[in-house]
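Reader: Please walk me through the structure shown below. I would like to ask about strands, helices and chains in turn.

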Protein chains: 2
Amino acid sequence: MEKTSFSSSPCSIARSLDVLGDWWNPLIIRECLYGVHRFDEYQKHLGIGRNILTRRLKQLVGEGLLERRLYQEKPQRYEYHLTEKGYDAARVLLGFMSFGEKWYFDSGKDPIRLYDRDSGAQVVPLLVDAATKKPIDPQKLYAGPGPGFPESDVVRRERFDEFFRRKSEVEPNKTT
Amino acid sequence: MEKTSFSSSPCSIARSLDVLGDWWNPLIIRECLYGVHRFDEYQKHLGIGRNILTRRLKQLVGEGLLERRLYQEKPQRYEYHLTEKGYDAARVLLGFMSFGEKWYFDSGKDPIRLYDRDSGAQVVPLLVDAATKKPIDPQKLYAGPGPGFPESDVVRRERFDEFFRRKSEVEPNKTT
DNA sequence: GGTATTGAGTTTCATTATGCAACTGACTAT
DNA sequence: ATAGTCAGTTGCATAATGAAACTCAATACC
């Protein structure tokens, strides 16, 4: 397998996939969000092999999404809790939820619902543009290099068709 | 490996992971979103093995996220395009982007930016509650069974600690 | 006409990760 | 003294991956 690490890729998606692009890690984070924190509970709820659970937990702790918390001294026992980064990863899971609900369950028959801890009101995640607060339609997007895009990476620039086409309409003299 | 399919799990996250819980599928969808549609282009951009690219494309077409489009008759040649479902999956990718940008790149140095096709304005994805339009804080959420949750699945109900605790505060007579 | 190139895949094979089951070690409850 | 809980390890068969070479079919070059 050799797992092809994307940790050096200049793409936020690829970077995230290093820790979230797998079957178990998101599910472990989900359980944590639902209030599961101990080894055997993860194992039972997920049906994951104990060996790979060990590995996944180590990875998630190593990546800073979970923290190990000693909850008992006598035989040392640890719980796993979400860090701030872990909670941010959970936000990605909400994306999975919305997608899954729409495409795999009849509408109105969603298996799980989310509520606000303060108000108790149901929470329905929606992806919007931060500025206009309007829902995002991926079909109406195009991508371009940002400030952190490596100048050197000429090959990958090929992808940003639309960006450069539009740019050259604005500055027709500069031919990239 | 035996890939443990979650297709029957009563969880939207698990269901989504069947097709998105992998390193390549999200990246293929990303490329598609950036305007890449042909076999050799995927292979070059992603550095993915041609054999597994074949399998992934088949899976994505089979799952209905991509559609094969004949673009040349003589030697039959196909392009892969996002379906509506595929574009919805792309919405999940935006979640990955936000996460990756925040945790793996200095702020203001995001490698890739998104723009609106109509207005040309930059688009910044943000997860909000559909009703209140306020940003979602995963720390302030708790989960409970929805209308589609299988009554039979008593084991998994254990997870919804907070939900049942709160419920019994409201209806203290009914002890679940 | 013969050779090279492109596009889209297969095939083969060594390397890794996974799932399963059994085992260890430290303690606790009966 | 025996059974049970919790958190892992260890060992092994099996399945997925990555890399490179190979197959077709057709067009482009000379």
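**Strands across two chains**

Reader: In strand 6 of chain B, which residue is the bridge partner of Leu114(A)?
Author: Happy to start there, and please keep in mind that this is a predicted model. Strand 3 (residues 112-116) of chain A is joined to strand 6 of chain B by 5 bridges, and the two run antiparallel. Across that pairing, Tyr115(A) stands opposite Tyr142(B), while the partner of Leu114(A) is Ala143(B).

Reader: How are the residues and chains numbered and lettered, and what pLDDT do local features need?
Author: Residues count from 1 along each chain as its sequence is written, and chains are lettered from A, with ligands numbered from 1, in the order in which they are written. Side-chain values use heavy atoms, leaving out hydrogens and water; side-chain atom pairs count only at pLDDT 80 or more, totals for chains, interfaces and linings use all residues, and local features need pLDDT of at least 70.

Reader: Which residue in the turn between strand 3 and strand 4 of chain A has a positive phi?
Author: These strands pair in the antiparallel sense over 2 bridges, and Leu114(A) has Val123(A) as its bridge partner in strand 4 of chain A. Strand 3 and strand 4 of chain A form a hairpin with 5 residues between them. The turn residue with a phi of about 80 degrees is Gly120(A).

Reader: Which helix packs on the sheet with strand 6 of chain A and strand 3 of chain B?
Author: That open sheet has the order 6(A)-3(B)-4(B) and antiparallel pairing. Its edges are strand 6 (141-145) of chain A and strand 4 (122-123) of chain B. The helix touches strand 6 of chain A and strand 3 of chain B, in contact meaning heavy atoms within 4.5 Å, and its direction makes about 80 degrees with that of strand 6 of chain A: this is helix 7 (residues 161-170) of chain A.

Reader: How do helix 2 of chain A and helix 1 of chain B lie, roughly parallel or roughly antiparallel?
Author: Axes are lines fitted to C-alpha atoms, for helices over the stretch in contact, with angles from 0 to 180 degrees between N-to-C directions. Helix 2 (residues 24-33) of chain A and helix 1 (residues 12-20) of chain B pack at about 170 degrees, with axes 10 Å apart. Angles under 35 degrees count as roughly parallel, over 145 as roughly antiparallel, 65 to 115 as roughly perpendicular and the rest as oblique. The two helices are therefore roughly antiparallel.

Reader: How many charged residues does the contact of helix 2 of chain A with helix 1 of chain B have?
Author: Pro26(A), Leu27(A) and Arg30(A) meet Ile13(B), Ala14(B) and Leu17(B). Ala, Val, Leu, Ile, Met, Phe, Trp, Tyr, Cys and Pro count as nonpolar, Asp, Glu, Lys and Arg as charged, and the others, Gly among them, as polar. The division is 5 nonpolar, no polar and, for charged, 1.

**The two chains together**

Reader: What kind of rotation axis relates the two copies?
Author: The copies are superposed by least squares on C-alpha atoms of residues with pLDDT of at least 70 in both. A rotation of 180 degrees with 0.0 Å of shift along its axis puts chain A on chain B, at an RMSD of 0.0 Å. The copies are thus related as by an axis that is two-fold.

Reader: Which three residues supply 9% of the area that chain A buries against chain B?
Author: Buried area is the accessible area (1.4 Å probe) that two parts lose on being put together, summed over both. The contact takes 93 residues from chain A and 93 residues from chain B. The chains bury about 9,300 Å² between them, 65% of it on carbon and sulfur atoms. Supplying more than any other three residues on chain A are Trp23(A), Arg117(A) and Arg159(A).

Terms used: Two strands pair if DSSP finds at least two bridges between them. Helices (H or I, at least four residues) and strands (E, at least two) are DSSP runs, numbered from the N terminus.
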